[in-house]
Amino acid sequence: MNSKRAVQVGDIFATPLPMNKYGAVKVVNIIDRSYLLGITSYIDKQIPTIDSEKIHQALITELIIGDAKKPLYKWVDGRIPKELIFIGNTSLTTEEQGIESNIYGGN
């Protein structure tokens, strides 16, 4: 992370991906030193800006069994990885505010 500020709910970070591309994640919840990250649908060769449309859209996964589609969220323990690049902070959407992720895998 390229700043010394404390991580807050609503923070958006760019993340390096393979093949010289970038993705983005959004901090949706913080419990102690664990962060619930929402994976966004942003994938591009450019680092996103706070105005990039797809950083405001959750990546939707499709389950193999059934027709269920759901946004992708992941818990991360400890510090936010240093390779993440702070982009900015936005308010949580109504949908994000209602997320109750009790699927906690740690680490």
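Guide: One rule before we start: two strands pair if DSSP finds at least two bridges between them. Helices (H or I, at least four residues) and strands (E, at least two) are DSSP runs, numbered from the N terminus.

Visitor: Fine. What sort of model is this, and what are the ground rules?
Guide: This is a predicted model: local features need pLDDT of at least 70, side-chain atom pairs count only at pLDDT 80 or more, and totals for chains, interfaces and linings use all residues. Residues are numbered from 1 along each chain as its sequence is written, and side-chain values use heavy atoms, with hydrogens and water left out.

Visitor: How many helices and strands are in the chain?
Guide: One helix and seven strands. Along the sequence the pattern reads β-β-β-β-β-β-β-α.

Visitor: What order do the strands of the open sheet take?
Guide: The order is 6-3-2-1-7, five strands with antiparallel pairing. Strand 6 and strand 7 are the edge strands, each pairing on one side only. On average, neighbouring strands are turned by 35° against each other, direction ignored. For that angle, axes are lines fitted to C-alpha atoms, for helices over the stretch in contact, and angles run from 0 to 180 degrees between N-to-C directions.

Visitor: How many bridges link strand 3 and strand 6?
Guide: Five, in the antiparallel sense; strand 6 is residues 73-77. Leu37 has Lys74 as its bridge partner in strand 6. Gly38 has Tyr73.

Visitor: And how many join strand 2 to strand 3?
Guide: Eight bridges, antiparallel, with strand 2 at residues 21-31. Gly23 is partnered by Ile43 of strand 3. Their hairpin has two residues between the strands, and Asp32 takes a positive phi near 55° there.

Visitor: Is strand 3 largely enclosed or open?
Guide: Enclosed. Eight of the eleven residues of strand 3 (residues 34-44) are buried, so the rest of the structure largely encloses it. Buried means under 20% relative accessible area, exposed over 50%, partly exposed in between (1.4 Å probe, protein chains only). For the whole chain of 107 residues, 31% count as buried.

Visitor: Now strand 1. How many bridges does it make with strand 2?
Guide: Six, again antiparallel, and strand 1 covers residues 11-17. Phe13 has Val25 as its bridge partner in strand 2. This hairpin has three residues between the strands, and Met19 takes a positive phi near 60°.

Visitor: Which residues make up the largest nonpolar core?
Guide: Nine residues: Val7, Phe13, Val25, Val27, Tyr35, Leu37, Val76, Ile80 and Leu84. The elements giving two or more residues to this core are strand 2 and strand 3. Another core of six residues lies apart from it, including Ile12, Tyr42, Ile55 and Ile87. A nonpolar core here is a set of buried Ala, Val, Leu, Ile, Met, Phe, Trp, Tyr and Cys residues joined through side-chain atoms within 4.5 Å.

Visitor: Switching to charges. How many salt bridges does the count give?
Guide: One, taking a side-chain nitrogen of Lys or Arg within 4 Å of a carboxyl oxygen of Asp or Glu. The side chains are those of Lys26 and Glu96, at 2.9 Å, N to O. Lys26 lies in strand 2 and Glu96 in helix 1, so the pair ties together parts 70 residues apart in sequence.

Visitor: Are Lys26 and Glu96 buried or exposed?
Guide: Both are buried. Lys26 has a relative accessible area of 5%. Glu96 has 13%.

Visitor: What else does the side chain of Lys26 meet?
Guide: Thr90, through a polar contact of 3.2 Å between the side chains. Such a contact is a pair of N or O atoms within 3.5 Å; within protein, one must be able to donate a hydrogen and the other to accept it, and residues adjacent in sequence count only if both atoms are side-chain atoms.

Visitor: Where is Thr90?
Guide: In the loop between strand 7 (85-89) and helix 1 (94-97). Thr90 is buried, with a relative accessible area of 15%. Not counting residues up to four places away in sequence, Thr90 touches Gly10, Ile12, Lys26, Ile50 and His56. Contact means heavy atoms within 4.5 Å.
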